[in-house]
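This briefing is for a reader new to the structure shown below. Please look at the sequence and the model, then read on.

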Amino acid sequence: MSRAASTNEPTTDTPPEDIAKSSKAVGEPLVTVENLTKRFPIKKGIIFQREVAAVHAVEDVSFAIYPGETLGLVGESGCGKSTTARVLLKLIEPTSGKITFEGEDITGLNKRQMRPMRRQAQMMFQDPYASLNPRQTIGQIIGAPFRIHKLSGDTKQKVQELMERVGLNPEHYNRYAHEFSGGQRQRIGVARALALRPKLIVCDEPVSALDVSIQAQVLNLFEDLQEEFGLTYLFISHDLGVVRHISDRIAVMYLGHIVEVATADELYNNPKHPYTAALLSAVPKGKVGTQVTTRTVLTGDVPSPVNPPSGCPFHPRCPKARQVAGGDGVPENCRVELPPLGEVVENHHAACWYPLEESEELAKAAHA
Ligand SMILES: Nc1ncnc2c1ncn2[C@@H]1O[C@H](COP(=O)(O)OP(=O)(O)OP(=O)(O)O)[C@@H](O)[C@H]1O
Ligand code: SF4
Ligand SMILES: [Mg+2]
């Protein structure tokens, strides 16, 4: 099972649709990514540019999302969450790997061929204000998808119905974005994302800029809309408290790799990867909207994705590796070989040579 990090062999033998299935994994997945890698070349030279290095943003990532399911994607800043989302939606091209949507391989589709799929999959961002045109009214903003896709019918009526559904006053149709609060702006973003009745919404840190009390309201709205419209979410956050609240399953990313996937409860109660345990130890149990600060648990900075560590990417910071080796050492396989994302217990995958036992102190720290 052991593989050297330097080889290009896949880091999991499990097909994406079988990685840590939840009870919602019924039928065929809506979307899958398989062995997805995205590297951003770093070039030098003014006229004859040559590639001197690359940012390893996403490394051999595989997962599936089933219809009606919410997959949470969590990890520290720069670990590759947004890049994964952008590649999945083909807003940028993967370096390698495969993406399917409703069973169709969309990896090689060009812009024109992607158009039908664009309606089915929408993206929402952390700061809706940045993507809201200040010179347009809310009616124009939410109605834009109808015009772009040249849909017939009474746009104003449709927009006002959407406004009502997301908790905005339809009489505010002619107001401008600056007249709304942060939470209301995020509702505008939700209404716009919903306009074309998509199947998938990729939410990239959608509540991170909001006050904790408002976060809970917006998360509840996401859940209500999921039930009403049968939506599927990829929900990205650096905040495990927020992700747990809304996710059926959670995938944890570190330095471009997915290091653990399990149902939300299983991951929270029984983390197997030392990195997940460290993230969890900073989240007060059951609290929504708590910022993850790993500094108290993890020592050292996240290594550069331009020159990632050999072997397990977490090895320079891993408390478990030091425990196994004794003192400040690290076992040789942690240093040399990339651990595969394997099934550690049923429906629970982790990429670690020494996954945590339930009784271990590292895991217990997560319950403190
Ligand atoms: N267009 C780009 N060109 C070069 N490097 C990039 C580009 N986009 C992202 N990166 C790099 O890829 C890595 C992953 O970035 P990404 O934005 O996906 O992380 P993230 O997990 O979403 O972080 P955050 O929580 O801060 O949003 C980072 O090192 C980032 O600097
Ligand atoms: S493989 Fe080794 S270094 Fe990596 S997380 Fe597991 S114990 Fe730590
Ligand atoms: Mg991001």
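In the hairpin of E10 and E11, which residue takes a positive phi? Leu 255 does, at a value near 50 degrees, and the hairpin has two residues between the strands. The model is predicted, so to speak of local features a pLDDT of at least 70 is needed, side-chain atom pairs count only at pLDDT 80 or more, and totals for chains, interfaces and linings use all residues. Residues are numbered from 1 along each chain as its sequence is written, chains are lettered from A and ligands numbered from 1 in the order in which they are written, and side-chain values use heavy atoms, with hydrogens and water left out.

- Helices (H or I, at least four residues) and strands (E, at least two) are DSSP runs, numbered from the N terminus.
- Two strands pair if DSSP finds at least two bridges between them.
- Strand E10 (residues 249–254) pairs with E11 in the antiparallel sense over six bridges.
- Within this pairing, Ile 258 in E11 is the bridge partner of Met 253.
- E11 also pairs with strand E14 (residues 348–350), in the antiparallel sense and over two bridges.
- Here Val 261 stands opposite His 349 in E14.
- Six of the seven residues of strand E11 (residues 257–263) are buried, so the strand is largely enclosed by the rest of the structure.
- Buried means under 20% relative accessible area, exposed over 50%, and partly exposed in between (1.4 Å probe, protein chains only).

**The four-stranded sheet**

- An open sheet is formed by four strands in the order E3-E2-E5-E6, with antiparallel pairing.
- Its edge strands, each pairing on one side only, are strand E3 (50–65) and strand E6 (104–105).
- Strand E2 (residues 31–44) and E3 pair in the antiparallel sense over 11 bridges.
- The bridge partner of Leu 36 is Val 61 in E3.
- Val 55 is also found in strand E3.
- Val 55 counts as partly exposed, at 23% relative accessibility.
- The C-alpha atoms of Val 55 and Arg 39 are separated by 5.3 Å, and the two residues are 16 residues apart along the chain.

**Helix H1**

- Helix H1 (residues 81–88) has six of its eight residues buried, so it is largely enclosed by the rest of the structure.
- The buried residues are Lys 81, Thr 83, Thr 84, Ala 85, Val 87 and Leu 88.

- Most residues other than glycine have a negative phi.
- Glu 205 has a positive phi, near 50 degrees.
- Glu 205 lies in the loop between strand E8 (200–204) and helix H7 (212–229), and is buried, with a relative accessible area of 9%.
- Asn 347 has a positive phi near 55 degrees.
- Asn 347 is in the loop between strand E13 (342–345) and E14, and is partly exposed, with a relative accessible area of 30%.

**The largest pocket**

- On a 1 Å grid over the protein atoms alone, a cavity is a set of points where a 1.4 Å probe fits but cannot get out; a pocket is an open set with protein on both sides within 12 Å along at least five of seven lines; lining residues have an atom within 4 Å of a point.
- The largest pocket has a volume of about 570 Å³.
- It is lined by 20 residues, and the closest to its centre are Ala 121, Gln 122, Met 123, Pro 145 and Arg 192.
- Among the elements that each supply at least two lining residues are helix H2 (111–120), strand E7 (121–124) and helix H6 (182–194).

- The whole structure holds two cavities of 30 Å³ or more.
- The second largest cavity has a volume of about 90 Å³.
- Its lining includes His 273, Phe 314, His 315 and Lys 320.
- Ligand 2 sits in this second largest cavity, meaning that more than half of its atoms lie within 2 Å of the grid points.
- Of the 13 residues around ligand 2, the nearest are Cys 312, Cys 318, Cys 334, Cys 352 and Trp 353; a residue is near a molecule if one of its heavy atoms lies within 4 Å of it.

Methods
Points joined across faces, edges and corners; volume = space filled by probe spheres on them.
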